[in-house]
Amino acid sequence: MEPNQTVEDESQPSVATMTRRIQRLSHHLTPLPTLQPLHLKMLTCAKTSKLEVDKLSLSSYMRGKNREIQEKIFEFFNSRPHLQTPIEISMNEHRELCMRQLMALVREAKIKPFRYVVEDPAKHFAISEAIGTVDISFGIKFGVQYSLWGGSVLNLGTKKHRDKYFDGIDNLDYPGCFAMTELHHGSNVQGLQTVATFDPIKDEFIIDTPNDGAIKWWIGNAAVHGKFATVFAKLILPTHDSKGVSDMGVHAFIVPIRDLKTHQTLPGIEIHDCGHKIGLNGVDNGALRFHSVRIPRDNLLNRFGDVCRDGKYTSSLPTINKRFAATLGELVGGRVSLAYSSVGVLKISVTIAVRYSLLRQQFGPSRQPEVSILDYQSHQHKLMPMLASTYAFHFATLYLVEKYSEMKKTHNEQLVGEVHALSAGLKSYVTSYTAKSLSICREACGGHGYAAVNRFGTLRNDHDIFQTFEGDNTVLLQQVAGDLLKQYKDKFQGGTLSVTWNYLRASMNTYLSQPNPVTAHWERADHLRDPKFQLDAFRYRTSRLLQSVAARLRKHSKTLGSFGAWNRCLNHLLTLAESHVESVILAKFIEAVHNCPDASSQAALKLVCDLYALDRIWKDIGTYRNVDYVAPNKAKAIHKLTEYLCFQVRNIAGELIDAFDLPPYVTRAPIAMQSEAYAQYTQYVGF
């Protein structure tokens with residue numbers, strides 16, 4: 001072929017080619033369907049000048065309806081120095097102090113939180129967050145007593161248990177434990193080995209630890225203060241067949257472990273101290289072994305399964321798996337509380353780091369005053385997306401608490417499943433983020449961040465376990481991924497989807513179509529700051545990940561089996577789960593911006609929301625580039641705008657921190673004081 005002919009063909013495409021290109025372009029220019037009934041509109045935010053923020057209005061919007069009881073707790077402990085945890089304290093002293101703090105809350109402050117576990121969960125979580133600011137060990141001890149030990153009695157027991165134990169749990173006459181975890185089993189609860197064998201002659205259960213692996217381990221309140229334990233064990237019933245016994249699966253039993261009057265360990269109970277930990281040394285974690293301990297048949301928490309006098313088993317749920325799922329479903333309150341409390345820890349940490357960064361001055365232009373270290377782009381990059389994420393998590397966990405409260409009132413089966421997955425996702429994502437952020441905040445405060453009095457070490461060590469108790473974060477993300485795959489399957493079978501997953505039905509085809517080559521190049525700020533573009537991008541990523549991992553699982557299942565295929569795709573599944581959680585967080589943040597009644601607060605929140613969204617997109621820009629969802633010029637524009645938004649958020653960082661409304665006696669770090677921070681710091685060391 002002649003060279004000229006090639007040039008001619010390339011410069012003059014055929015009619016068919018032209019028609020095809022026009023059709024494709026027309027398809028991409030067709031307006032996409034609206035994703036949400038929510039009207040997502042652009043808000044006017046400052047271009048170059050600083051936003052004026054009404055701190056009182058923003059704080060009022062952030063506070064929520066339970067701020068009054070939180071302030072009561074703040075003021076109560078601030079007025080009692082003897083109940084404040086000192087920097088240096090031994091493990092034994094710390095444990096006794098936490099018990100005194102809990103006693104004072106209930107008996108002096110007259111705050112009785114137990115009834116809120118069921119009646120008003122939002123208030124219960126608000127109380128938990130507030131006492132966690134006093135001392136995280138205190139917050140965990142509170143959670144063990146009321147959410148875990150008390151919650152198991154309320155949620156897994158029946159009226160006879162509530163009548164017998166409610167008042168004692170409420171007034172702390174019955175301090176208790178939640179004995180689920182064993183030395184060999186934590187996440188795999190169905191693999192627990194402790195057994196509860198029914199003796200029909202004496203009408204009793206015999207609780208036994210068959211081997212060292214079945215020793216109950218890390219049990220809060222067990223080492224020193226607990227008098228009762230909710231013990232999770234396999235229920236074994238005698239049968240008249242060749243097997244002789246039948247395993248009915250894991251059930252919960254109330255087991256007294258110490259004498260109510262003498263506090264002596266009861267016969268057959270062996271208790272040991274788990275000892276000094278990385279953090280949370282105010283919580284007395286212990287190990288329990290049972291040697292043929294007999295308890296009355298009535299001590300079975302029998303909401304989902306019961307044993308009659310003659311040894312017959314009855315349940316409204318037909319299988320072991322359904323009973324197990326129902327049991328664990330009633331225990332998700334612990335995950336909700338941890339997600340909510342983790343945001344509280346993040347708020348304190350970010351507050352300390354940002355206030356110090358506004359105060360601290362280092363270097364500057366020649367012959368001019370030194371500048372705040374928060375004026376450095378690198379410092380803004382560390383802290384401003386974190387501040388934006390803190391706001392995002394605040395609204396997401398409020399939504400989680402709202403859904404959990406609705407679930408406790410309605411017992412709607414679909415809502416139970418949704419809350420289970422949502423709590424697993426947010427607990428995992430938020431606690432992991434907070435753990436990483438605590439180290440970043442410490443580093444952002446330089447050498448002064450290393451001083452124990454400035455709290456980062458204690459906060460980091462105490463919070464660290466949030467990532468693995470109440471469900472290991474990696475395991476919880478797998479539960480989210482599993483639920484997404486189920487929803488994906490149901491979508492194609494015409495099933496009902498949970499509200500949080502509705503976008504999979506409404507827009508899956510849109511998200512999985514070829515990326516729009518026109519919008520992929522759009523780089524104007526008004527487009528990038530459009531909440532529809534942001535939410536579309538998050539959901540596109542999730543939908544692509546979901547479709548691709550489903551295909552991979554089908555492929556590998558043929559040769560590796562279901563377990564092997566899951567393990568082969570595990571990192572893919574974890575990325576999918578995190579992507580979905582981020583989509584939920586952004587959707588709730590956008591909704592919160594939309595619902596904010598004050599114009600200046602709304603503009604500030606919009607700015608922060610834009611930074612959260614674009615920073616997340618930029619951090620995963622490779623995914624969007626790989627599928628041409630974002631063209632190179634658009635990727636560059638996103639990066640540039642993200643840096644600009646960091647600068648804009650820095651300009652109102654003080655106001656945004658103030659809106660958390662954390663008094664100095666709550667943050668309790670000299671470098672975070674708004675006045676005379678250095679004077680208080682030097683005074684602390686003796687000057």
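This is a predicted model: local features need pLDDT of at least 70, side-chain atom pairs count only at pLDDT 80 or more; totals for chains, interfaces and linings use all residues.
Let me start with Leu-387, which, if we set aside its neighbours within four places in sequence, is in contact (heavy atoms within 4.5 Å) with Val-350, Val-649, Ala-653, Leu-656, Ile-657 and Phe-660. Residues are numbered from 1 along each chain as its sequence is written, and side-chain values use heavy atoms, with hydrogens and water left out.

Leu-387 belongs to the largest nonpolar core, which has 152 residues, and together with Met-384, Tyr-391 and Phe-589 it touches the most other members. By a nonpolar core I mean a set of buried Ala, Val, Leu, Ile, Met, Phe, Trp, Tyr and Cys residues joined through side-chain atoms within 4.5 Å. Buried here means under 20% relative accessible area, exposed means over 50%, and partly exposed lies in between, with a 1.4 Å probe and protein chains only. The most is given to this core by helix 12 (residues 377-410), with 15 residues; helices (H or I, at least four residues) and strands (E, at least two) are DSSP runs, numbered from the N terminus. Apart from this core lies another one, of 26 residues, including Phe-205, Ala-222, Leu-237 and Leu-300.

How do helix 12 and helix 19 cross? The axes of helix 12 and helix 19 (residues 570-595) come within 8 Å and cross at roughly 90 degrees, where axes are lines fitted to C-alpha atoms, for helices over the stretch in contact, and angles run from 0 to 180 degrees between N-to-C directions. That makes helix 12 roughly perpendicular to helix 19, since angles under 35 degrees count as roughly parallel, over 145 as roughly antiparallel, 65 to 115 as roughly perpendicular and the rest as oblique. Among the residues making this contact are Tyr-391 and Phe-395 of helix 12, and Ile-585 and Phe-589 of helix 19.

Now to the charged side chains, where the count comes to 35 salt bridges, each being a side-chain nitrogen of Lys or Arg within 4 Å of a carboxyl oxygen of Asp or Glu. One of them joins Asp-658 to Lys-55, with the closest N and O atoms 3.1 Å apart, and this pair links helix 23 (residues 653-658) with helix 3 (residues 55-63), 603 residues apart. Asp-658, at 21% relative accessibility, counts as partly exposed, and so does Lys-55 at 38%.

Another salt bridge is formed by Arg-67 and Asp-661 (3.5 Å, N to O). Because Arg-67 lies in helix 4 (residues 67-78) and Asp-661 in the loop between helix 23 and helix 24 (664-667), the pair ties together parts that are 594 residues apart in sequence. Is Arg-67 buried or exposed? Arg-67 is buried, with a relative accessible area of 8%.

Let me finish with strand 5 (residues 228-238) and strand 6 (residues 245-256), which run antiparallel and are joined by ten bridges; two strands pair if DSSP finds at least two bridges between them. Val-231 stands opposite Phe-253 in strand 6. The two strands form a hairpin with six residues between them, and Gly-244 in the turn has a positive phi of about 90 degrees.
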